[in-house]
Amino acid sequence: MTTTGQPQADCLFCKIVSGEVPATVVRETETTVAFRDINPQAPTHVLVIPKVHHRDAAALAAADPQIVADLLVEAGKVAADDKVDATGYRVVFNTGTGAGQTVFHAHAHVLGGRGLNWPPG
Ligand code: AMP
Ligand code: ZN
């Protein structure tokens, strides 16, 4: 099972939370970590993740809705820190392989610093 809230030995983002895998961390709270995406798709591309392991945003919301709120508060602070809040930014939760999810530990992408098309591809 991957929706336990417990660290998963084979999960890349659990390893970033523990420090086993390095990341460029820009913010951290009691419940969240925010770090720069290794393959940025915009000038600002930061991932905000819960410290607890759940496979996607919906599973996290079902288990602990307060932490979803924490992710969104932190997403806003990331945008403000990078000064993209005034021009606009996007918060994305890819959910499922068909939507591009490749890491099955819930995470919010914060994208900004360039024009963002709507609808997204
Ligand atoms: P997703 O495809 O929505 O599951 O998002 C996973 C994201 O994690 C992708 O944008 C990857 O570029 C990013 N990523 C993968 N490995 C790392 C890493 N070691 N450090 C930072 N970001 C990573
Ligand atoms: Zn994990």
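A residue is called buried when its relative accessible area is under 20%, exposed when that area is over 50%, and partly exposed in between. In the predicted model described here, L116 has a relative accessible area of 24% and is therefore partly exposed. L116 belongs to the segment that comes after β5.

Ligand 2 is a zinc ion, coordinated by the SG atoms of C11 and C14 and by the ND1 atoms of H53 and H105, at 2.0 to 2.3 Å. The angles among these 4 donor atoms run from 107 to 115°, and the site is tetrahedral. Along the chain, the donor residues follow the spacing C-x2-C-x38-H-x51-H. Distant parts of the chain are linked by the pair C14 and H105, which are 91 residues apart. C14 is in helix α1 (residues 12-18), whereas H105 is in the loop between β4 (89-92) and β5 (108-112). C14 has a relative accessibility of 8% and therefore counts as buried. H105 also counts as buried, because its relative accessibility is 0%.

Attention now turns to ligand 1. This ligand is surrounded by 15 residues, of which D37, N94, G100, T102 and H109 are the closest. Polar contacts to ligand 1 involve both side-chain and backbone atoms of the protein. In N94, a polar side-chain atom is found 2.9 Å from an oxygen atom of the ligand. In G100, a polar backbone atom is 2.7 Å from an oxygen atom of ligand 1. A nitrogen atom of the ligand, in turn, lies 3.1 Å from a backbone N or O atom of I38. Ligand 1 would expose 500 Å² if taken alone, and the protein buries 83% of that area.

The largest nonpolar core consists of 12 residues, among them A34, V46, V48, L60, A106 and V110. I67, V68, L71, A75, V78 and A108 are also part of this core. Two or more residues of the core come from each of the elements β3 (44-50), α3 (65-81) and β5. The greatest contribution is made by α3, which supplies 5 residues.

Notes: Residues numbered from 1 in each chain as written. Chains lettered and ligands numbered in written order. Predicted model: local features only at pLDDT ≥ 70, side-chain atom pairs only at ≥ 80, totals over all residues. Heavy atoms only, no water. Donors = N, O, S within 2.8 Å, 3.2 Å for Na, K, Ca; no water. Tetrahedral: all angles 85-135°; square planar, octahedral: opposite > 155°, others 65-115°. Helix = DSSP H or I, 4+ residues; strand = E, 2+ residues; numbered from the N terminus. Buried < 20%, exposed > 50% of the residue type's maximum accessible area, 1.4 Å probe, protein only. Near = heavy atom within 4 Å. Polar contact = N/O pair within 3.5 Å; in protein donor to acceptor, adjacent residues only side chain to side chain. Areas by Shrake-Rupley, 256 points an atom, 1.4 Å probe, with all protein chains shown as cover. Core = buried A, V, L, I, M, F, W, Y, C linked by side-chain atoms within 4.5 Å.
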